[in-house]
Amino acid sequence: MQQGVNLRERRRNRSMEQFKQQPRLPKFAVPRRYDIQLKPDLATCRFAASVAIDVDVISNTQFLVLNAADLTIHDHAVSFTPRNSSKVLEPFKVHLVEEDEILVLEFSETLLVGMGVLAIEFEGCLSDKMKGFYRSTYEHNGEKKNMAVTQFEPADARRCFPCWDEPACKATFKVTLDVPSELVALSNMPVLEEKEYGDLKTVSYEESPIMSTYLVAIVVGLFDYVEDYTSDGIKVRVYCQVGKANQGKFALHVAVKTLEVYKEYFAVPYSLPKLDMIAIPDFAAGAMENYGLVTYRETALLYDDQHSAAANKQRVATVVAHELAHQWFGNLVTMEWWTHLWLNEGFATWVSYLATDKLFPEWKIWTQFLDESTEGLRLDGLEESHPIEVEINHASEIDEIFDAISYRKGASVIRMLQSYLGAECFQRSLASYIKRYACSNAKTEDLWAALEEGSGEPVNRLMSSWTKQKGYPVVSVKVKDQKLELEQSQFLSSGCLGDGQWIVPITFCCGSYDVHKNFLLQSKSATVDIEELLGCSVDDHGKNAACSWIKLNMDQSGFYRVKYDEYLAARLRYAIENKYLSPTDRFGILDDSFALCMAGQQSLTSLLTLMGAYREELDYTVLSNLITISYKVVRIAVDAQPEIVDDIKQFFIGLFQYAAEKLGWEPKPGESHLDCMLRGEILTALANFGHDETLSEANRRFQAFLEDRKTPLLSPDIRKASYVAVMKRVNQSNKWGYESLLRVYRETDLSQEKTRILSSLSSCCDPSLVLEVLNFVLSPEVRSQDAVFGLAVSVEGRETAWTWLKDNWEYISKTWGSGFLITRFVSAIVSPFASSEKAKEVEDFFSSRAKPSIARTLKQSIERVHINARWVSSIQQEEHLAEAAKELAYRKY
Ligand code: BES
Ligand code: ZN
């Protein structure tokens, strides 16, 4: 008898085993509607809850399998009631499988096909990990308080209530909250009913349209708000901390306008009756697109007239535009599985530029888009990159793919396709895709199919080469026998040869933007007759009076790099000096040349010579890239040829003088947004390169600021430059500047000011102070969401930072290990190194500390160290670099 029971038990367990270690839930039963009741206690940080789920049993089963994690399930309060039956079935066993974050309910009777209600009572705690249902803290009238917030994407709704926590398991949600009566309680939908009883109130919300679990949201705390309406009468509110409502006005304006832009663009109106946006003091990501209740970091939502910089304003506008794009692309039409995450993120990124451009054409945001492409190209130039469509086998792998491939490469290939198909046809096809998949889920192929139908072009074939394989091509171009010869091969930053091949939309123009040609490069190489294009003859190098230069990848709309032969490159340099080229093309030529230099395919001397052609550059995006590249060049020179570093810095200081003199320190009445941003970046660069006059002037202005926080001498746009300059003059025997900055940090209640300071502190050169800064970053004075801003360490502090990371790894791993912020510690501190010995040391250290959530980032960071090491040795072999650097440093313009 006893044996019989054991046998039965074992057989059951065996069938229960089938649900473990599976990437996805079985679909023999799926949810249709959730009725959720939550009672958070903000003092004890626990919550009591229950959920009733309308479940559709698709095939007869003895099991229900759904997600749950970190919850205490009340085993005796779990039941299933088939519809049209008075019989309540209680599970024979309730298994909570921790490693797989699943809840397996086993019934002794078979649940038959048809609807039923699964009811579960449970409890949980409000974590401090910025995910699931968590607590954030704030001060009110000098008192420290807790608020309750949710962050469910990608897979943390299961930490708040048991659910089918996959994007394709859409259902409707009815939420009810029991909260203290004086608090604001928000969820995705408008309030249906509110009842007070004593100190508590029960707030119930309207039922949502069908949506995925990762978009459910709840916020409970004290807030003020500002509100407005769209022309369709949708109520839009921005909630902020009490007393800060004015700071929400800019985002409110952007949101109202943006909803109108998207309604037009997608040809479908916003689908909920209200939109709330709210600033959360502790928030891991930048913002989260929860349906109807979008949550933000304070820095990404609040704009202060007095203390926010132009860059902060632009950040608010683009983040709002991005999250609102998701209300269509993501919330209404949702990816079928995380493999298609890029459909959400790449698309929202691309379309946020479209909306921002409509609202603020003077920002020339499409030129700034090139920052997205270049970051995409940078990550995708690694062997350890991944295809846009990436296989996901476990929830722990999802966090790491919210990366530059999904966002930036994703957005860039969309831009490339739009430019190939034409804006109008692209928009029409998109609108029909949104209509077709509204309230449902889609895969990458579904988008291609809609675009293929709308355009008659082979979109699927073309785009699969970009989304199903990692990497991208470099197109080498030369002129031979009056013909342009093109050849593609995979570009890798290591300089190695990859074997990928793509269908490349080639565009090029000759001597003028009016003389151009487009075609698809479908094989390894192609030849183009330029004489035919020009209608006249050219010399051996493809030159004639009408065609002084040839530029491929016009407007940088393609996601690839171009390598020109020497003659073509020299003529492009000439075209840049003579201002024949657009900012986007000037950006592209510089960026490709830098990438080729790093990959050892071009000398540093030739890169520096090219940079010299930008001495009268004034475009914000081009100059800002010139600055980024100059930082990287100086860093590598420190390892490769330390004796030339001063000359290189001198050269860059000279290069930036033209713009610095034009812009000056003071904002000019009526000047452009881009000039405001540029002023800050140029002065920061001069401070970083130790330009004496800049350091002195910045310190003088900082003094004035300390005396009067409202001084016109230190506008928000130049504060970062001034802080960096102050830190450059700080050392152990003179810590005045550091201590003063800490004072400003402690006094301000504006998070943009706090991040500005944090990101300046570690630029000091004294390693012992870098260590103090890093320890400060781990102190309770810095919110855990902000620690990563303090990791931009100067080259002098690089080794100290690495030792610090090792010494504090256990704490860091415990504090940030369950989110994606931990990857930033690894990449920021490891990637700047440039020797294979260091790469080995890093590998050894992490070999016993491996975690799936940092695996990809760690490999990528180590690969970067190897790339830097190779770059160092290729620079060391350059013969005339030192003379060239000297010549450039002392050249008189
Ligand atoms: N869906 C993301 C938020 C997110 C990121 C959730 C990572 C889970 C993990 C949101 O739409 C987003 O992309 N936010 C960006 C800002 C945006 C402007 C690029 C972010 O958080 O950085
Ligand atoms: Zn997004």
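Predicted model: local features only at pLDDT ≥ 70, side-chain atom pairs only at ≥ 80, totals over all residues.
A backbone N or O atom of G286 lies 2.5 Å from an oxygen atom of the ligand, while in the side chain of E289 an N or O atom is placed 2.7 Å from a nitrogen atom of ligand 1. The residues G286, E289 and Y407 belong, together with E153 and E323, to the closest members of a shell of 15 residues that surrounds ligand 1. By class, this shell is made up of 7 nonpolar, 4 polar and 4 charged residues. With regard to secondary structure, strand β18 (287-288) and helix α3 (310-326) each supply at least two residues of the shell, and α3 gives the most, with 4 residues.

The zinc ion, which is ligand 2, is coordinated by NE2 of H322, by NE2 of H326 and by an OE atom of E345, at 1.9 to 2.1 Å. Along the chain these donors follow the spacing H-x3-H-x18-E. Both histidines, H322 and H326, lie in α3 and are 4 residues apart, which corresponds to about one turn of the helix. H322 has a relative accessible area of 10% and therefore counts as buried, the cut-off for that class being under 20%. H326 is likewise classed as buried, because its relative accessibility is 0%.

A search of the whole structure for aromatic pairs finds 53 of them. One of these is formed by Y270 and W328, whose ring centres are 6.1 Å apart and whose planes meet at 55 degrees, so that the pair is classed as tilted. Y270 is located in the loop between α2 (249-266) and β17 (274-280), whereas W328 is located in the loop between α3 and β20 (333-335), and the pair therefore ties together parts that are 58 residues apart in sequence. Both Y270 and W328 are buried.

Several backbone features complete the description. E153, listed above among the residues closest to ligand 1, is joined to P154 by a cis peptide bond, with omega at about 0 degrees. P154 itself is found in the loop between β9 (143-151) and β10 (172-180). In another part of the chain, N553 has a positive phi of about 55 degrees although it is not a glycine, and D555, also not a glycine, has a positive phi of about 65 degrees. N553 is placed in the loop between β27 (550-552) and β28 (561-564), and D555 likewise lies in the loop between β27 and β28. The accessibility classes of the two residues were assigned separately: N553 counts as buried because its relative accessibility is 1%, whereas D555, at 39% relative accessibility, counts as partly exposed.

How values were computed:
Residues numbered from 1 in each chain as written. Chains lettered and ligands numbered in written order. Heavy atoms only, no water. Near = heavy atom within 4 Å. Polar contact = N/O pair within 3.5 Å; in protein donor to acceptor, adjacent residues only side chain to side chain. Nonpolar A, V, L, I, M, F, W, Y, C, P; charged D, E, K, R; others polar. Donors = N, O, S within 2.8 Å, 3.2 Å for Na, K, Ca; no water. Buried < 20%, exposed > 50% of the residue type's maximum accessible area, 1.4 Å probe, protein only. Phe/Tyr/Trp six-rings, centres within 6.5 Å; stacked < 30°, edge-to-face > 60°.
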